[in-house]
Amino acid sequence: MDLYGKGQTQIEPRPSKQMAATQDVKGKGEGGDQNFDYMFKLLIIGNSSVGKTSFLFRYADDAFTSAFVSTVGIDFKVKTVYKNDKRIKLQIWDTAGQERYRTITTAYYRGAMGFILMYDITNEESFGAVQDWPKLFKKSLVVLAGNKCDMEEERVVSVDSGRLLAEQLGFEFFETSAKDNINVKQTFERLVDLICDKMSESLDTDPAVTTGAPTAKLTDSAPPLQQPGCNC
């Protein structure tokens, strides 16, 4: 079943050819670990200098530095999370925002299950460019993130403007700060929840990751092993 109009099922219950191919790409994290139940490919996109790389490092490594230079081409990190006792590997791609790299990054859109579309609340141009991006990933799951909300004194894009645009485009919305770690984890969690909800609509999908406690949250830690003979 084609979940996102791309002509192929995007759910991977085992290591895929796509994952094998990425081992030759310069990436950071636990990319060599093949032990997982599902792999979700996510992309962070948006204009240059909106904070995509800082946002990724904050989520994957809980680290922040203002010394990042513009991403050239594309890079990725891997983070493993757990939901309903299932191990989900998130392969998160950090894309270059410069126009000259746009043709490079669009080649990596194939197979992506969700996008974080980011703008800078202190940069009106980056907000205006948001409407140019959805043409590249129609029918995909998207969370709109207004980044750098810690820079309130330099704000030029209001919260209401961001929320209204997200509603018009049919996206989820968060204001975020990689520096102060505001809504970073929540943004990724919401995107993963959207993917899991989409998976549950597929009749040929193993429902294990989407069933169970309806309020099950993502965690960074593996579930405790059940002891033999335990009746809990």
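Reader: What makes strand 2 and strand 4 (residues 86-95) a pair?
Author: Two strands pair if DSSP finds at least two bridges between them, and strand 2 and strand 4 have seven bridges, in the parallel sense, so they count as paired. Met39, for instance, stands opposite Lys89 in strand 4. Strands here are DSSP runs (E, at least two residues), as helices are (H or I, at least four), numbered from the N terminus.

Reader: Good to know! What is this model, and how are residues numbered?
Author: This is a predicted model, where local features need pLDDT of at least 70, side-chain atom pairs count only at pLDDT 80 or more, and totals for chains, interfaces and linings use all residues. Residues are numbered from 1 along each chain as its sequence is written, and side-chain values use heavy atoms, with hydrogens and water left out.

Reader: How many bridges join strand 2 to strand 5 (residues 114-120)?
Author: Five bridges join these two parallel strands, which meets the requirement of at least two, so they pair as well. Ile45 stands opposite Leu117 in strand 5.

Reader: Why is Arg87 called buried?
Author: Buried means under 20% relative accessible area (exposed is over 50%, partly exposed in between; 1.4 Å probe, protein chains only). Arg87, found in strand 4, has 16% relative accessibility, so Arg87 counts as buried.

Reader: And what makes strand 2 (residues 38-46) mostly covered?
Author: Nine of its nine residues are buried. Tyr38, Phe40, Leu42, Ile44 and Gly46 point one way, while Met39, Lys41, Leu43 and Ile45 point the other way.
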